[in-house]
Amino acid sequence: MTEIDAKIDALVPEWLTLPDIAEMLGVEVTRVRQLVKEGQLIAVRRGENRALHVPAAFIDGDKVVKGLSGTLTLLRDDGFTVEEMIEWLFTPDPSLPGTPAQALSENRGTEVKRRAQALAV
C-alpha cells in the first residue's frame, strides 16, 4: 500500500474507504483488507488522515468488478507498482476506447487483459 501523488489522484474520479467497501459487499472490514492483501483489490493511502482508499470503479454494486483481479495479477507480474497500476487503469486508451477501468466495468475484461499482457512483450 502506497501513498499516491496528485497526478494519479486526479485520474481517479471517485475513491472509497475500506469500511465503505465492506458495507457495499456485505462483509467485515477485515475481509476487505484480506482482498487487498491477496491482490484482488489495490489500495493507496490518501487524504488528511492517510486512510486506505480503493478506486470506486473497482466495485460493482455488491461485488468486485469482474476481471479486475486477473488484470491486477498481470500488471503485478509485469513489474508494475500499485501507483503504476492505477495510472494504467485510469489513463484513456484510444484502442479500447475509454480507460481500462471503464472497459472492465463494461465487462470487456478480455480486451483489457490482452493489453496488459502486451505490456510484458
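Trainee: Which helices are included in what covers the buried residues of H7?

Mentor: This is a predicted model, in which local features need pLDDT of at least 70, side-chain atom pairs count only at pLDDT 80 or more, and totals for chains, interfaces and linings use all residues. Residues are numbered from 1 along each chain as its sequence is written, and side-chain values use heavy atoms, with hydrogens and water left out. Helices (H or I, at least four residues) and strands (E, at least two) are DSSP runs numbered from the N terminus, and contact means heavy atoms within 4.5 Å. The cover of the buried residues of H7 includes helix H4 (68–77), helix H5 (82–90) and helix H6 (100–105).

Trainee: Which residues of helix H7 (residues 109–118) are buried, and why are they on the same side of H7?

Mentor: Buried means under 20% relative accessible area, exposed over 50%, and partly exposed in between (1.4 Å probe, protein chains only). In H7, the buried residues are Gly109, Val112 and Ala116. They lie on the same side of H7 because they cover an arc of only 65° around the axis, the arc being that of the directions from the helix axis to the C-beta atoms.

Trainee: Which residues are exposed on the other side of H7?

Mentor: The buried residues of H7 are Gly109, Val112 and Ala116. On the other side of H7, the exposed residues are Thr110 and Arg114.

Trainee: What is the relative accessible area of glutamine 102?

Mentor: Glutamine 102 belongs to helix H6. Glutamine 102 is partly exposed, and its relative accessible area is 40%.

Trainee: What is omega for the peptide bond that joins leucine 96 and proline 97?

Mentor: Proline 97 is located in the loop between H5 and H6. The bond joining leucine 96 to proline 97 is a cis peptide bond, with omega of about -15°.

Trainee: What is the phi of arginine 50?

Mentor: Arginine 50 sits in the loop between strand E3 (44–46) and strand E4 (51–55). With a relative accessibility of 40%, arginine 50 counts as partly exposed. Arginine 50 is a residue other than glycine, yet its phi is positive, near 55°.

Trainee: Is asparagine 107 buried or exposed?

Mentor: Asparagine 107 is placed in the loop between H6 and H7. Although asparagine 107 is not a glycine, it has a positive phi of about 60°. Its relative accessibility is 53%, so asparagine 107 counts as exposed.
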